[in-house]
Amino acid sequence: MVVELSFVGILIGSLAGFFGIGGGMMLVPMLLVLGFEIKDAIGISIVQMVFSSIFGSFLNFKKGSLVLGEGIFVGIGGFVGGFIGAKITHLIPDSVLHFLFLGLLLYALLRLFFSPNHIDDTHTKTLDKRLLFALGLTIGIFSITLGVGGSIILTPVLVGMLHYPIKKAVSAGLFFVVFSSVSGLIGRLISGNIDFHSGLIVAVASLVGVTFGIWLKDHVKSTHHKMALIVLYLFALGMLVRKMWF
């Protein structure tokens with residue numbers, strides 16, 4: 001099982017580094033196939049996301065693709081939004097939440113698809129801190145109430161709506177996962193147990209994958225990176241549609 005978990009960790013870490021996602025959307029189904037119960041799989045996923053997002057954000061910061069000041073405001077907003085989402089989830093029907101998220105994701109995907117290709121990834125675009133906080137707050141609420149990774153919404157919104165350079169947006173998305181995963185880990189520790197043994201195997205292996213994923217991100221053209229992101233988000237959209245109607 002150690003070999004299987006290590007392989008899964010490297011794969012998920014590569015996706016996290018390249019796409020700027022937490023990886024739970026793919027990791028949890030893989031762990032279920034390996035025989036883990038759903039609650040254990042989610043706990044392992046949270047541990048992995050903490051490790052990969054912190055390490056990946058450190059690498060992105062060293063390479064200059066992560067603007068820490070702006071990312072902190074988005075992250076704090078997401079952290080606060082996560083707690084709000086946990087409080088209001090039971091007040092909103094699941095069908096309403098699903099349709100709201102579907103509309104947001106479709107709009108973000110269209111903006112990403114039709115946005116100009118942001119080739120100048122060294123461009124430093126300064127955004128209003130209040131706007132960044134509000135963005136993180138909104139996405140944090142959605143990520144908790146719908147059980148999805150916040151970065152999968154944040155990245156296309158940054159690119160398609162706020163005209164962030166594509167690779168800078170991916171770095172911001174991974175940094176956002178630091179806040180959401182740490183918040184999730186705290187909540188999980190309070191409410192239940194986590195299989196730390198399996199979680200650490202996946203998490204440590206994911207660091208190798210994150211290193212490779214970030215290296216690959218920095219060596220592909222922005223246009224190719226954008227198309228890969230669109231494919232990933234279409235996959236996420238398909239999973240949501242399947243959950244809603246099938």
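Which helix contributes the largest share of the nonpolar patch? Helix 4, spanning residues 68-88, supplies that share, with 6 residues. The model described here is predicted.

**Nonpolar surface patch**

- A nonpolar patch on the surface is formed by Phe-61, Leu-68, Ile-72, Phe-73, Ile-76, Val-80, Ile-84 and Phe-133.
- Together, these residues have about 600 Å² of accessible area.
- Ile-76, one of the patch residues, has its place in helix 4.

**Packing of helix 3 with helix 8**

- Helix 3 (residues 38-63) packs with helix 8 (residues 166-191) at an angle of about 140 degrees, and their axes are 8 Å apart.
- Helix 3 and helix 8 are therefore oblique to each other.
- The crossing of this pair is left-handed.
- In the contact of helix 3 with helix 8, the residues divide by class into 12 nonpolar, 9 polar and 3 charged.

**Packing of helix 1 with helix 2**

- Helix 1 (residues 2-19) and helix 2 (residues 24-33) cross at roughly 165 degrees, and their axes come within 10 Å.
- Since angles over 145 degrees count as roughly antiparallel, helix 1 and helix 2 are therefore described as roughly antiparallel to each other.
- Helix 1 and helix 2 form a right-handed crossing.

**Packing of helix 2 with helix 3**

- Helix 2 also packs with helix 3, at an angle of about 140 degrees and with the axes 9 Å apart.
- This angle makes helix 2 oblique to helix 3.
- The crossing in which helix 2 passes helix 3 is right-handed.

**Salt bridges**

- Side chains of opposite charge can pair when their charged atoms come close.
- The count for this model comes to 3 salt bridges.
- Among them is the pair of Asp-218 and Lys-63, in which the closest N and O atoms are 3.7 Å apart.
- Asp-218 lies in the loop between helix 9 (196-217) and helix 10 (222-245), whereas Lys-63 lies in helix 3, so the pair ties together parts that are 155 residues apart in sequence.

Technical notes: Residues numbered from 1 in each chain as written. Predicted model: local features only at pLDDT ≥ 70, side-chain atom pairs only at ≥ 80, totals over all residues. Heavy atoms only, no water. Axes fitted to C-alpha atoms, helices over the stretch in contact; angles between N-to-C directions. Helix = DSSP H or I, 4+ residues; strand = E, 2+ residues; numbered from the N terminus. Parallel < 35°, antiparallel > 145°, perpendicular 65-115°, else oblique. Left-handed = near helix turned anticlockwise from the far one by under 90°. Nonpolar A, V, L, I, M, F, W, Y, C, P; charged D, E, K, R; others polar. Patch = residues over 30% accessible without salt bridge, like charges linked within 9 Å, V, L, I, M, F, W, Y side chains within 5 Å. Areas by Shrake-Rupley, 256 points an atom, 1.4 Å probe, with all protein chains shown as cover. Salt bridge = Lys/Arg side-chain N within 4 Å of Asp/Glu carboxyl O.
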